[in-house]
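Here is a short report for a first look at this structure. Keep the model in view while reading.

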Amino acid sequence: MDLDSDEENVSDQDFYSFLNVPKEASREEINNAYRRLSRMYHPDKHLDPGLKSKAEIMFNKTKKAYEVLSDPHQRAIYDSLGIKGLETEGWEIVQRTKTPAEIRAEYEQLAEERAERQKRQATNPTGNITIAVNATDLFNPYDADLFEDEYDSGFLGTLPNIEVSSMQFSQGVDFPLTQKDTCTLSGQLHTQNGTGGGGVNMSWRHLFSHKSWAEIEMTAGSGPALSLKGYRTLTKRFFWNGGTILQVTPEGVRPGIMSTLAMQIDKHSVGYVSYHGGIRSIFSTQIIRDTECNRYNFSIQVGVPHSFIQLQYARKLITQELKLKLAVKFGTFGGVVEYGAEKRISKHSNLSFSVVCGVPAGVKLKIRLSRANQVYSCPIHLCEEIMPSPVFYATIVPLVVYLVVKKGIVEPFLKEEKSKKLEKQKQNNFNKLLEKRKEAMAAQDLMQATYARIKDDEERKNGLVIIKAIYGKIIKDANDVELTNDVLDVTVPVQCLVKDSKLVIHENSKSDLPGFFDPALGEEKMLHVIYNYHEQPHEVTIRDLESLRLPKTSHRTSVT
């Protein structure tokens, strides 16, 4: 459960699920599904006034689903954007030959324009807080015995000395002036070993087009400075950014220049060549390859104060929202090996830790929390030389602390928050859920004649007979299936899906099938079916989004 997740509501109807066809269904499959439901729901099939009014509602829903999915243009919009795409005002889509990608691009353009209007009324705060800790006394303790004649440290003298060696704070706020002009105000403070400084920056950026922008920035603090920056797309594969800076110091005005030329090598790879000149001159080149599961970064830097070669690799475990990282760096300063992991802990937050082993830096543990546009970092210097014990503790302790906090504090808290949110969702959607339930019961009333006919036919030929079907929050253990209060009897609609002693339900949420609704909003739902085939008992339980095909030999149960 994600604390940052948006509140769930009763979702719009899924036309594919309602017709019980796969998302890649052919025109013929859609026509067959429409005819099957029309035979049950057409108002002319029902003489009772009560059933006729219910049939009109269900037939209109069937007709709507058929009209959208049978029209290639409307189906393309629905596949890309859902019902909201069909209902969006202001569309200029008149060519029915447009692809789903083109339709999505046009919709995103409209959404971007709306977001831009909202952006004028909001700021975009960014921040960075870094607190460096010196904990080398844990593994390289200070030898006080050399000075025991000068003072008696007592008990406190036996404790390791852990201190904050430096702190850095920065904060920035954007002020959108127009759609093409943005003003940014930022500031930073830093202190190390009792001395520090800071500065205030103000910049103005003008967007000429999607291919170019220019920015002017003024800085006050440790010497005023003025800089000019720019960006330009040169060709389809090349782009450039760079600028110049003039900084006033007690020694005089010091100019500087920076320039970066980038090339799109292929779909996943970009190469950079950069030069920074001024007080420190640096020339560097970098190649980044970023795919769905892997990220590679190779860079070489030559200049003052250091030259180095660096290789970084990250493995993305998308299903677990986890990244494993490894980096090797060596040069004139020495050598460093860094390894670690980054975990997404909520919708807007990432937590990462890494262990750095290097010469002459020693061993460091880096902890970093990113939440929205705010970054909190805490590098901890553990040892001034590479030793097994600090490497071991830097690797194991963060993992143990993470698991203890997650299992002992976070998960119980999230479980409680989830139950509160679910209750709130049910209250907010109470009327809509009642309407959905009423609609499902109306559909089952209209199915009674079809249900009786299909069941009699299947019983007569010893075919597929549904004994019991339950949908909702079902707790399934190794021995039995436990039903909760949040379930719905769907025996009638499931039997009505049987044709020629076979039943197929596709990989869609079952809550949109005729005669179904969501009885456990926000909870994990299952479908439990007990049936006879050739007079043999069968039983199966599947998850909400799983497909179901009956009969199967694996569903057979032993007869007691």
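## A nonpolar patch

F392 lies in helix α7 (residues 388–428). Helices here are DSSP runs of H or I with at least four residues, strands are runs of E with at least two, and both are numbered from the N terminus. F392 is partly exposed, at 49% relative accessible area. Buried means under 20%, exposed over 50%, and partly exposed in between, with a 1.4 Å probe and protein chains only.

F392 belongs to a nonpolar surface patch of about 930 Å², whose members include Y393, I396 and V410. Patch residues have over 30% relative accessible area and no salt bridge; like charges are joined within 9 Å, nonpolar side chains (Val, Leu, Ile, Met, Phe, Trp, Tyr) within 5 Å. A salt bridge puts a side-chain nitrogen of Lys or Arg within 4 Å of a carboxyl oxygen of Asp or Glu.

## The model

This is a predicted model: local features need pLDDT of at least 70, and side-chain atom pairs count only at pLDDT 80 or more, while totals for chains, interfaces and linings use all residues. Residues are numbered from 1 along each chain as its sequence is written, and side-chain values use heavy atoms, leaving out hydrogens and water.

The protein has 10 helices and 23 strands. Of its 560 residues, 35% are buried. The protein exposes about 33900 Å², with 56% supplied by carbon and sulfur atoms. These areas come from the Shrake-Rupley method with a 1.4 Å probe; for residues, only the protein chains shown count as cover.

## Aromatic pairs

The structure holds nine aromatic pairs. Rings of Phe, Tyr and Trp (its six-membered ring) pair if their centres lie within 6.5 Å; planes under 30 degrees apart are stacked, over 60 edge-to-face, the rest tilted. Y34 and Y66 are stacked because their ring centres are 4.2 Å apart and their planes are at 20 degrees. Y34 sits in helix α2 (residues 27–41) and Y66 in helix α3 (residues 49–70), 32 residues apart. Both are buried.

Y231 and F239 form a tilted pair, at 6.0 Å centre to centre and 45 degrees between planes. One aromatic cluster is formed by F15, Y16 and Y78.

## A buried strand residue

L548 is found in strand β23 (residues 548–550). L548 is buried, with a relative accessible area of 3%. L548 and V504 are 44 residues apart in sequence, yet 5.7 Å apart in space, C-alpha to C-alpha. Not counting residues up to four places away in sequence, L548 touches L503, V504, I505, L527, V529, V540 and I542. Contact means heavy atoms within 4.5 Å.
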